[in-house]
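Work through the exercises below with the sequence and the 3D structure at hand. Each task is followed by its solution.

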Amino acid sequence: MHAFRTVFVKEVTDNFRDRRTLVSALLMGPLFGPILFAFVISISVKQSLSDGSEPLDLPVIGGEHAPNLLDYLASRNINIADAPTSRAAALEAVGQGVHDVVVVIPESIGDDMATTTPARIEVISDQANTKAERETRRVIRALAAYNQELAGMRLTARGISPVVMQPLNIDLVDVSTPSGRSAILLGMLSYFFIFALLTGGMNLAIDSTAGERERGSLEPLLCLPVTRDQLIFGKIFAACLFMALSLSLSLISFYVVLKLMPLQQLGMTPNFGPDVVVQAFFLLVPFALLGAALMTLVASFTKSYKEAQTWLSAVLLAPTLPILIVSILMVRPSTAYMFIPSLSQHLLLVGLIKNEAVNWLHVAVSVSGTLALGIVLTLVCARLYRREGLLG
Amino acid sequence: MIRVDGLHKYFGEVKAVRGVSFEATDGRITGLLGPNGAGKSTTLRVLYTVLKPDRGTASIDGADVVGDALRARSMIGSLPHGSGLYPHLTARENIRYYAKLYRLPPEVIEERVQSVIDELDIGDFADRRSKGFSQGQRTKVALARALVHRPRNVILDEPSNGLDVMATRSLRELILKLKDAGKCVLFSSHVMQEVAALCDRIVIIAAGRVAVDASPDGIRDRTGCDDLEEAFVKAIHRVETD
């Protein structure tokens, strides 16, 4: 126990002085997620605000033939802009991206209206362009509404109520809550936390085998009257401490980012207050032992620091796998899933953000399952540390 | 006192050590001499218990290096080949870390660390981080941390590697001081002159076996060569052609 503490204290002091560890544990890991997240959110806020509320400039060819239609579009905040002179020029302009969408009104529209023949209106756009696609949808929606209105007027003129055209009245009832809607976007949060946690201990995990070996400090260390178990346990626990530190910084920085972002404008109120931050910490921190042991295990097979870093970047991605599968399949939390590390943390965290009632059985299974696997991997590490081949 | 008896160590097909036996007694310097790859390091690694022998035994002051490894380790101070320090710790912290792992009582740790710093004359850089140390400074600190628990037996694996003339000189003085203090010093080298200048007893190892085990004079007698280097070459040649 004494040697374990000595090794632990030394590893912590040593790594607090190592710029490489500090940058990855206290800066990169905790900040990468929030910055990326803030970026994504601000873009989607901008996009959702642009829907319908801001004026759209729409080039129309032949607008002079349908003044009523133009008035209608203007009432929907769509302003008529200068258009190319001909349909051919319009096709070219849209193809080259000069215009996102151009509407062509035929000269015959007046006659068509008079004879109740459907008038052909062309909407030229490039559907491969996301921004154009959104504007096109808006234009078509406006045209369809105008179409509906005209049809209604024609029916009324013939003494028929326009309601006959509407046998069904489809009404979507959305039961999602603002916190529930946040969960879709915030689902990726759990991965950021696990990522931050793992990066926090990465350098320490490498150091206990590949790093010590490369520096030449492993052999003298093994000559000391201390069991190798004590050495490796001390090192793994030091890695756990850095992981926990990195995790808490990551949680705090997300808390700040979510407070600053205009999420309400997206119809979201994430349940991510200080109490949730604390709960999330305790849900996620059992992953530290598993992560530290797994990374130490992988690093122990490598020959050098560089090689270890390469392999460990793969380990950083491993926890995404269950999260990814789940977000595609949209599974609901179940006790069986709670045995799977990273997946169980993800599901519990999503529940927390959705402000759902805590299922204590799930929490217990997740925490103990993850810890148990972490202990098993730690013992495997200790076994490998006892090998003669450790010296390389 | 270090005793090695019929030691064998194989790495797969490679027979690194095939029946090495010798004794290193207290108050004497024993040199393990041999060309690169002769099995010197492997023998020493068995002695400081990081490798287990396939056959044969070895003991440190009676403690078996396999059966009683922890006790054996506590009775040696070892300087493995290419010993590295922790670059973010100062020299003093490096030494203190080992003092703690050697389980020195907490109340004597600081005093012991200081005394070994004085003995090895590293006071000038004791409180600097070891990141930028020269090879000579690094070796001194590595030696200091190996000696901080005042072991009766000292094992040094090619300690003079990479040292300049002055550093080699001070290392030599230090080894002589350890001898005068009655310690059992065992060190390996592939440099004949170094061994000849220091050792009371020379064990020449070649191809995993002991070629000669004698005093410097005894070696000259046995090989019929006046020149030690000549004797060395002859002895090795004899074993390797066996």
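**Exercise 1.** In β5(B), which residue is the bridge partner of B:I60?

Solution. This is a predicted model, in which local features need pLDDT of at least 70, side-chain atom pairs count only at pLDDT 80 or more, and totals for chains, interfaces and linings use all residues. Residues are numbered from 1 along each chain as its sequence is written, with chains lettered from A and ligands numbered from 1 in the order in which they are written.
- Step 1: Helices (H or I, at least four residues) and strands (E, at least two) are DSSP runs, numbered from the N terminus.
- Step 2: β4 (residues 55–60) and β5(B) pair in the antiparallel sense over two bridges; pairing requires that DSSP finds at least two bridges.
- Step 3: The partner of B:I60 is B:A63.

**Exercise 2.** Find the strands at the edges of the sheet in chain B.

Solution.
- Step 1: The open sheet has four strands in the order β2-β1-β4-β5, with antiparallel pairing.
- Step 2: β2 (14–24) and β5 (63–64) of chain B each have a single partner strand, so one side of each lacks a neighbour in the sheet.

**Exercise 3.** Describe the buried and exposed residues of α11 (274–284) in chain A.

Solution.
- Step 1: A:A280, A:L283 and A:L284 are buried (20 or more other C-beta atoms, placed from the backbone, within 10 Å of a residue's own; exposed means 12 or fewer, partly exposed in between).
- Step 2: Seen down the axis of α11(A), the buried residues fall within an arc of 85 degrees, so they line one face of the helix; the arc is that of the directions from the helix axis to the C-beta atoms.
- Step 3: The face turned away from the buried side carries the exposed A:P274, A:D275, A:V278 and A:F282.
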